[in-house]
Amino acid sequence: MELLWRSNLPQGHIYHGTSYADIDNDGNDELLIGSYDGKVYAINSEDGSLHWSYEYSEESFYYVGAPVTIADINNDEKYEIIFCNFNIVGVLSEEGELLWNYRQNDYGTTFRGTVVSDIDDDNYLDIIFGNSNGELTALSGFDNSVLFCLDLAEHFGKEYNMDSAPLVADFDKDGFLDVFITGGLTNYPDVENNYGRAYLVSTAKGNGPDWLMFQRNHLRNASINFEKSSIKDNIINSFDYSNQVFLSLDEIFDCFDLYENINMIEIYGLNGNLLVKELICNRQNIINTLNSMSSGIYYLRILSRNNQKLLYYLKM
């Protein structure tokens, strides 16, 4: 056994160690570390050099004690890094830039980190976590909205500190994903006054994946890996040349009238390359986008909150 490298980063205490994934697609994993100096560090695993660091606040009471979570929550084929800094749950880009953050009520803290799973069946990974005030919260990976915030302390009728991370799976085999979490109160040295309770919360059918242990698996990488070419490959593989369905411009508009909550279209060439990715504002926005395309055959992918459709489109 030999020492490969040594680093003096981070500068503060580290409680939960590292999470890791290849966030820059260079073939090597980056180590993602939260520190009591208030920063999130991305360190190159091949030599220990600093890839980037991010500091949410210079205020002294902010610290990153929880493990970070790594996943593509907004379907941009890039990793996002989710961290917990005091009462803040924040989402960073793979370059270490803050995308958005959520401030928990009454200074609630999440010390065991977040988990991710698509629990509302919209094809986006959602962020789930408990906190020190007894609130179990789920945030949408699609639009950052609060899917639910359950006050389990109020339900329990006592102080209820969730000093554990949730688990996600269909535990009761009813076809719906569940969130399992435990909490309670610990008094030292008067341990005879300790108490606790476990909750199982049913969500929706969802798409998962399951999150079955702390930091997700025995590797403790706290990440959901994905193939960066997966969407492109799925587009190509899903095209059935023996049963082609070509739609005219008018037929495309008729399809839009049938769907509710359409929020994005993606247009691909026949090689699977993404040509257009655009949020839908109104019908005229759709018309302008499609009219700007050159004549030819394209894949048109319609993304909505409730379902996901793939149509074949022939521009006349």
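Leaving aside neighbours within four places in sequence, His16 is in contact with Gly65, Ala66, Pro67, Phe111, Arg112, Phe214 and Gln215, where contact means heavy atoms within 4.5 Å. The model is a predicted one, in which local features need pLDDT of at least 70 and side-chain atom pairs count only at pLDDT 80 or more, while totals for chains, interfaces and linings use all residues. Residues are numbered from 1 along each chain as its sequence is written, and side-chain values use heavy atoms, with hydrogens and water left out.

His16 sits in the segment before strand S1 (18-21); strands (E, at least two residues) and helices (H or I, at least four) are DSSP runs numbered from the N terminus. His16 counts as buried because its relative accessibility is 13%, buried being under 20% relative accessible area, exposed over 50% and partly exposed in between, with a 1.4 Å probe and protein chains only. The side chain of His16 reaches the backbone oxygen of Gly65 at 2.7 Å. A polar contact of 3.0 Å also joins the side chains of His16 and Arg112. Such a contact is a pair of N or O atoms within 3.5 Å; within protein, one must be able to donate a hydrogen and the other to accept it, and residues adjacent in sequence count only if both atoms are side-chain atoms.

Gln215 belongs to the loop between strand S15 (195-202) and helix H2 (230-238). Its relative accessibility is 6%, so Gln215 counts as buried. A polar atom of the Gln215 side chain lies 3.4 Å from the backbone oxygen of Arg220. Not counting residues up to four places away in sequence, Gln215 touches His16, Thr18, Ser19, Pro67, Arg220, Asn221 and Ala222.

**Cavities and a pocket**

Rolling a probe the size of a water molecule over the atoms shows where empty space is left. On a 1 Å grid over the protein atoms alone, a cavity is a set of points where a 1.4 Å probe fits but cannot get out, and a pocket is an open set with protein on both sides within 12 Å along at least five of seven lines; lining residues have an atom within 4 Å of a point. Grid points are joined across faces, edges and corners, and a volume is the space filled by probe spheres set on the points.

A search of the whole structure finds 2 cavities of 30 Å³ or more.

| Space | Volume |
|---|---|
| Largest cavity | about 60 Å³ |
| Second largest cavity | about 40 Å³ |
| Second largest pocket | about 210 Å³ |

The residues lining the largest cavity include Gly65, Ala66 and Phe111. By class, this lining has 5 nonpolar, 3 polar and no charged residues; Ala, Val, Leu, Ile, Met, Phe, Trp, Tyr, Cys and Pro count as nonpolar, Asp, Glu, Lys and Arg as charged, and the others, Gly among them, as polar. Among the residues that line the second largest cavity are Pro67, Arg112, Phe214, Gln215 and Ala222. Its lining divides into 7 nonpolar, 4 polar and 1 charged residues.

The second largest pocket has a lining of 9 nonpolar, 4 polar and 4 charged residues.

**The protein overall**

The secondary structure comes to 4 helices and 19 strands. Of the 316 residues, 46% count as buried.
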